[in-house]
Amino acid sequence: MDLEDQYDKLYRYCYFRVRDVQTAEDLVQETFLRWLDHYPGQREREALPTLYTIARNLCVDVARQRETLPLQETDQVAGDPAGTLVERWDLERALETLPPQDQELLLLRYANQVPLQALSRLTGLSRFAIYRRCGRLLTQLREALREEERT
């Protein structure tokens, strides 16, 4: 397993959940430390669901500790001539209309490109059920974005 590639994906996952750069970095490091301590020698195909489970639990712990997350401004705000920031904002607002478990499923499947088999082990759903749910969720997002364009 390429740990560097998994680190980047887990960081993106944690950042999506906590919306704070430093906290996300800390959570990913803690995830790998716990994985190395508790699951030495775990096979590669079993490691990915385990890493995401540890990361999810750590993110939930952080969310319980604080009630609101600060809105962070980035350098991208000032120099966004193509309007990608507005599109991203619309997508984030559309994603927020989905339940947290569906947001997580889309993040894992499309942003982090977690294979269906690993997602199946992680969620307890069949690969076919994940495929159908993702298709339904993407349709919902498209409709929400179309509604946003009309207003």
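The following questions and answers go through a predicted model of one protein chain.

User: How are residues numbered, and which pLDDT limits apply to this model?

Analyst: Residues are numbered from 1 along each chain as its sequence is written, and side-chain values use heavy atoms, with hydrogens and water left out. In this predicted model, totals for chains, interfaces and linings use all residues, side-chain atom pairs count only at pLDDT 80 or more, and local features need pLDDT of at least 70.

User: How many helices and strands does the protein chain have?

Analyst: Helices (H or I, at least four residues) and strands (E, at least two) are DSSP runs, numbered from the N terminus. From that end the elements run α-α-α-α-α-α-α. The count is seven helices and zero strands.

User: What share of the residues in the protein chain is buried?

Analyst: Buried means under 20% relative accessible area, exposed over 50%, and partly exposed in between (1.4 Å probe, protein chains only). The protein chain has 151 residues, and the buried part is 31%.

User: What share of the contacts with a separation of 6 or more joins residues 24 or more positions apart?

Analyst: A contact means heavy atoms within 4.5 Å. Among contacts in the protein chain with a separation of 6 or more, the share from residues 24 or more positions apart is 63%.

User: How do helix 3 and helix 6 cross, and what is the hand of the crossing?

Analyst: Axes are lines fitted to C-alpha atoms, for helices over the stretch in contact, and angles run from 0 to 180 degrees between N-to-C directions. The axes of helix 3 (residues 44-65) and helix 6 (residues 116-123) come within 9 Å and cross at roughly 50°. Angles under 35 degrees count as roughly parallel, over 145 as roughly antiparallel, 65 to 115 as roughly perpendicular and the rest as oblique, so helix 3 is oblique to helix 6. A crossing is left-handed if the near helix is turned anticlockwise from the far one by less than a right angle, and right-handed if clockwise; this one is right-handed.

User: Which residues of helix 3 and helix 6 make the contact, and what are their classes?

Analyst: Helix 3 contributes Arg-45, Glu-46, Leu-48, Pro-49, Tyr-52, Thr-53 and Arg-56, and helix 6 contributes Gln-117, Ala-118, Arg-121 and Leu-122. Ala, Val, Leu, Ile, Met, Phe, Trp, Tyr, Cys and Pro count as nonpolar, Asp, Glu, Lys and Arg as charged, and the others, Gly among them, as polar. By class the contact has five nonpolar, two polar and four charged residues.

User: How is helix 1 oriented to helix 5?

Analyst: The axes of helix 1 and helix 5 come within 11 Å and cross at roughly 150°. The crossing is right-handed. By its angle, helix 1 is roughly antiparallel to helix 5.

User: Which residues meet between helix 1 and helix 5, and what are their classes?

Analyst: Arg-12, Tyr-13, Phe-16 and Arg-17 of helix 1 meet Gln-103, Glu-104, Leu-107, Leu-108 and Ala-111 of helix 5. The classes are five nonpolar, one polar and three charged.

User: Is Glu-104 buried or exposed, and which residues does it touch?

Analyst: Glu-104 lies in helix 5 (residues 100-111) and is buried at 10% relative accessibility. Its C-alpha is 8.2 Å from that of Tyr-13, 91 residues away in sequence. Leaving out residues up to four places away in sequence, Glu-104 touches Tyr-13, Arg-17 and Arg-56.

User: Which residues does Ala-24 touch?

Analyst: Ala-24 is in helix 2 (residues 21-38) and is buried, with a relative accessible area of 0%. Not counting residues up to four places away in sequence, the residues touched by Ala-24 are Tyr-11, Cys-14, Tyr-15 and Val-18.

User: Where is Arg-19, and is it buried or partly exposed?

Analyst: Most residues other than glycine have a negative phi. Arg-19 has a positive phi near 55° and lies in the loop between helix 1 (3-18) and helix 2. With a relative accessible area of 24%, Arg-19 is partly exposed.

User: Is Gln-113 buried or exposed?

Analyst: Gln-113 lies in the loop between helix 5 and helix 6 and has a positive phi of about 55° although it is not a glycine. At 56% relative accessibility, Gln-113 is exposed.
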